[in-house]
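Here are a few exercises to work through with the model open in your viewer. Try each one before you read its solution.

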Amino acid sequence: VYKRQQILEVMGDRDGQARLLDELESNAAGNPTLVAEITQRRAWLLAATAHFEEAERLALQALDLHARLADTDGQAGDLQALGTMAFWAARNLEAIEWIDQALELAPPGSVLEANVHHSFCDALHHLHRFTEAQAHLDAATALYERLQDRRGLAGALSSQGALYGQSGRKALVEPALLRASQLSEEIGYRYGVAINAFNLGHHYTITGQGAKALGPCRKSRTVFGAMSNRRGLAMATANLASLHHALGTDEAAERLALEALGMYTELGHDLGQAVCHGTLAEVARRAGNREAAQAALDAGLARTERAAARPARLQLLRTKAHLHLDAEDLTEGLRTAEEATAECVEAGAGWLLPDLAVPLARALVLTGQAERALEATDSYQGVAQEAALLYWRREALRLMGDEERAYAVLETAHEAMFRQLDGLSAEDISNSLRNVPIHRDIDSAWQDARPTRLTVQLASAS
């Protein structure tokens, strides 16, 4: 029966797991060890379907039952469950406290110890403590390999890919995620399939390959939906909404962002709500609806305060800076961009600097500070914002009267823009060039600036 439970868990068959737990529970009377085990497993099942309040109640109940039995292994599993639930609910500091206790009790060399190290890695990653996260991931990976735990190894490879991206080793991200995806497919690990597709889509997005990200993002959303994994579905839907906005399909972006916002609101997930409000603010801003954009921005910022989520707050400040610049309030636009950039550096969130460099460069160009604009746009190759940064770099060079370098930079910006759109249909590319302001500006500038070849047919000599 336990083996069937494990198989159903790997497959992501939540209904099958629930039926099997009911079957086990009917035979558990008078067996306190089995009751404690079933309680823990039911807590995990509820957490997997994002019923966090009930899941945490059962995990605490299981912890009490295992303590009465003096079962330290069981207590370690309960503590890991509580830590993972806190992490899934975006309460990362609380997650660390639970997982730290679990590590003290986990049997050395066991799958449970490997799982606890892996949970530690994920929570530390989201707190941007990358060196510590890598150490725990190394420990988990070594144990999974020694124990020949392919499911655990698939999860570790996925986490490794995400850590590579945050540490700037972008060339290593795709191979790690593709290997994790392959391993997950081989063993029928549906959560692994979904989360690796999500991470792969995110990687393509932030490296300026937006169109290439669509397939993995859609796959992630489909698999999470089939699993009835509400947290995963909300996460994948919000990600797809942001991607549609970047590619210029704002009707789809708004619909998906509202759908994800509804799910995150039901889950009580402040960080997820903040992300959705950010997308809605950008959609409203592009449509010229400043009042709706400001309302969404304020709602998002309020939720980042509740979640203590600085990276999400910084991304919202990027939108706030652009809103000021759209209204020709250059002083406030520049101040907001400068303060957000300084806060980003202070927080050690360097991966967000390209996001913030766009409004900063725009504000500096609009206030005539060409030299500073050049500094702000230096050394940002292979990022989602590359084309936009190059466009404002070109504008700074034009302010300085350096038309030759400005033309070369514009050519590179045009190439970067089409790398992002590569893979879209001709119609979708046309829509993006029309609907995304920075794409429209780059394409218009390129059409005006590129050399025109004039063919003259001379009359033949008679």
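**Exercise 1: a loop residue**

Ala-106 touches Ala-76, Leu-112, Glu-113 and Val-116, leaving out residues up to four places away in sequence; contact here means heavy atoms within 4.5 Å. Before going on, some ground rules: this is a predicted model, where local features need pLDDT of at least 70, side-chain atom pairs count only at pLDDT 80 or more, and totals for chains, interfaces and linings use all residues. Residues are numbered from 1 along each chain as its sequence is written, and side-chain values use heavy atoms, with hydrogens and water left out.

Task: work out where Ala-106 is found and whether Ala-106 is buried or exposed.

Step 1. Ala-106 is in the loop between α6 (92-105) and α7 (111-126). Helices are DSSP runs of H or I, at least four residues, and strands are runs of E, at least two, numbered from the N terminus.

Step 2. With a relative accessible area of 8%, Ala-106 is buried (buried is under 20%, exposed over 50%, partly exposed in between, with a 1.4 Å probe and protein chains only).

Step 3. For a distance check, go C-alpha to C-alpha from Ala-106 to Asp-64: you get 17 Å in space for 42 residues in sequence.

**Exercise 2: two glutamates**

Step 1. Glu-343 sits in helix α18 (residues 330-347), and its relative accessible area of 13% makes it buried.

Step 2. Among the residues that Glu-343 touches are Arg-310, Arg-313 and Leu-317.

**Exercise 3: the whole chain**

Task: sum up the chain's secondary structure and burial.

Step 1. Count the elements: 24 helices and zero strands.

Step 2. Of the 462 residues in the chain, 53% are buried.

Step 3. For overall extent, the C-alpha atoms fill a box of roughly 110 × 55 × 35 Å along the principal axes.
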